[in-house]
Amino acid sequence: MLFSVILTFLGLTAVTFVIGRFMPLDPVLTIVGDKASTEVYDRVYRELGLDQPVVVQYLTYLGKLVRFEFGTSVMTARPVMEDLVRVFPATMELAGLALVIGVLIGVPMGVIAATNRGRIVDQIVRFLSLLGYSMPVFWLGLVGLLLFYAKLGWVEGPGRLDVAFDDIVPTVTGLIMVDALLVGETEVFFNALGHLILPASILGYLSLAYIARMTRSFMLEQLEQEYILAAFAKGLSPWRVVWVHALGNVWVQLVTVIALTFGSLLEGAVLTETVFAWPGLGLYMKNSLFAADLNAVLGGTVLIGTIYIFLNMLSDIIYSLVDPRAREPS
Amino acid sequence: MTTWRGWLLNPAPTSRRQAQLGGWFRAWLAFRRNTLGMAGLFIVLLLITIAVAAPLIADPATALTQTLEDRLQPFSWAHPFGTDELGRDIMARMMFGARITLTIVILVSLIVVPIGLAIGLPAGYFGGWIDAVLMRVTDIFLAFPRLILALAFAAALGPGIENAVIAIALTAWPPYARLARAETMTRRSSEFIQAAELQGASHLRIIATQIVPLCLPSVIIRLTLDMAGIILTAAGLGFLGLGAQPPSPEWGAMVSTGRAVLLDHWWVATLPGIAIFITSLGFNLLGDGLRDVASGRG
């Protein structure tokens, strides 16, 4: 399995390398400008290693990636890695809460749908998840802002904090809510929560749709097993059979689903962050994109891609740890 | 009509064509009972009708010409969905936007299905090291975050609808390769394949004439279910400014420009979003219905 993980990582970096190498822009010109003399141009050309064979260039690129060197961002004039470390906690905060919402609501929804198969509750759950699948997240974000912020005033507007609360809390973890609690600033905490709750709920709804649907089909599979019949036969309460026995076995499969959902939440974050002016990885990548800041875009791509691969690997490992059948060679 | 029906449902068809048409007719009868699936079909057909008939219903000029004195009008008879920040009729723009959405969906399908089949069929048919290599490549692409990769591609190739299509297609083919491989493997050792081999048919001929037709139904169902995702990704790229460029009436880009006037003129951003939502809902419903019929749960 480690072999395939490494291979996938090599594939990811090869793709980003190809994008970076064959992009229509001339990387030398962006540094020296178009008025530079041929000598300067040639020197920078060599310094960038562009005179080397492509394979050597790729290996050099790979060597830098392994040392977390993504180059310098043209937009912020700082190492891309520093930028990524700075913006990533904001995205984690958003995607993390979205996942919590998705699991806490999606799993029970799926269980209830499965135990009421074919009845009206099941239809409602199916319909709600279908809506979630079909909803453009950026549009839902705009409608949410219009309704809950502009019209009703229930939540705070775009951004992570009101300007008045900026720079009160020292950055420790980068997660503003955690940092606020660390120094006991409850006002900052609630302001941050007010900003976070809408984008996180919207992103959470999308993950909820997928989690509820998968939970439902896993549960249906379990409820047909004979041990369920045995549990009923020995007189256990239906509640216990469903929520403890059946759901207990479903968790194994759900871990995989949840890991993959988190990956897709990171993607959804790009669009959500744009709508909510949320200063995370997504907004950073989007802004870099329009500044033709390729180092930053590819750095972000490699980061999210690596997390993706890592989550895939993690779910495989957890799966084989919990379910011994998965370890046997097929 | 009854005679046609009787001919189609004849349990003892006398020709291959009668058997095949009868099979399709039975599938249609099963699908017709699936209310949600029929609703999806209706939405998709409506989209196609609007896209085809857009120039007949709406004047292209009102969709593209800027009429600044008419900007940001609310609903009226002249402008049923109001006008945008440049005085263009939103309903006309949404109708022409349907063409763009349909074009993207068709182009992506035309790229994705052949690539998927070209990778999946040999993998399932020959097995061994060919299978191992092709599936490894597929797994690599499957492990990529779709929107992010599409974003990186669009950034490298430059914004534009063609590049958005290429970017989406490059990240969307792996499931089709897996599907084609699985379908091929279940049929590989069938007797009709052996019969064809004994008759001296080449591998290419067997794949093209025996296996591809059997793979197509599941590929089409998968494609219908994927349409929603493709439409949402394309609209997302459009929203970010990486898809269709102004003044093109692409729905995602329309939502994006409407953002600036969201608070006072909500319809400019909201209505194109509803179009995206209904279209992808339609494809989801249709795909669900087709899958139910195919798996015999109709």
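# A tour of a two-chain helical model

Start by selecting helix α12 of chain B and colouring B:W251, B:G252, B:A253, B:M254, B:V255, B:S256 and B:G258, which are its buried residues. Here, buried is for a residue with 20 or more other C-beta atoms within 10 Å of its own, exposed is for 12 or fewer, and partly exposed lies in between, with C-beta atoms placed from the backbone. Helices (H or I, at least four residues) and strands (E, at least two) are DSSP runs, numbered from the N terminus.

Before you move on, know that this is a predicted model, where local features need pLDDT of at least 70, side-chain atom pairs count only at pLDDT 80 or more, and totals for chains, interfaces and linings use all residues. Residues are numbered from 1 along each chain as its sequence is written, while chains are lettered from A and ligands numbered from 1 in the order in which they are written.

**Stop 1: around the helix**

Stay with α12 of chain B, residues 251–258: seven of its eight residues are buried. What lies over them? Show α7 (137–151) of chain A, along with α5 (90–126), α11 and α13 of chain B, which are included in the cover.

**Stop 2: all of chain B**

You will find 13 helices and zero strands. Its C-alpha trace spans about 75 × 55 × 30 Å along the principal axes. Chain B has 298 residues, and 44% of them count as buried. Two residues are in contact if their C-beta atoms, placed from the backbone, lie within 7 Å. Among the contacts in chain B with a separation of 6 or more, 68% join residues 24 or more positions apart.

**Stop 3: where the chains meet**

Next, bring chain A into view.

**Stop 4: the nonpolar core**

A nonpolar core is a set of buried Ala, Val, Leu, Ile, Met, Phe, Trp, Tyr and Cys residues joined through C-beta atoms within 7 Å. Select A:L94, A:L203, B:L151, B:I168 and B:I231: of the 165 residues in the largest core, these touch the most other members. Zoom in on B:I168, which touches B:V108, B:A150, B:I230, B:T233 and B:A234, leaving aside residues up to four places away in sequence.

**Stop 5**

Of the 330 residues in chain A, 39% are buried.

The mean for chain A is 83, and 95% of its residues reach 70 or more.

Finally, pick A:F68 in the loop between α4 (54–66) and α5 (80–115) of chain A. A:F68 has a positive phi of about 60 degrees, although it is not a glycine. Is A:F68 buried or partly exposed? A:F68 is partly exposed, with 14 other C-beta atoms within 10 Å. Then jump to A:A277, in the loop between α11 (238–276) and α12 (281–290) of chain A. The phi of A:A277 is positive too, near 50 degrees.

How values were computed:
pLDDT = per-residue confidence, 0-100.
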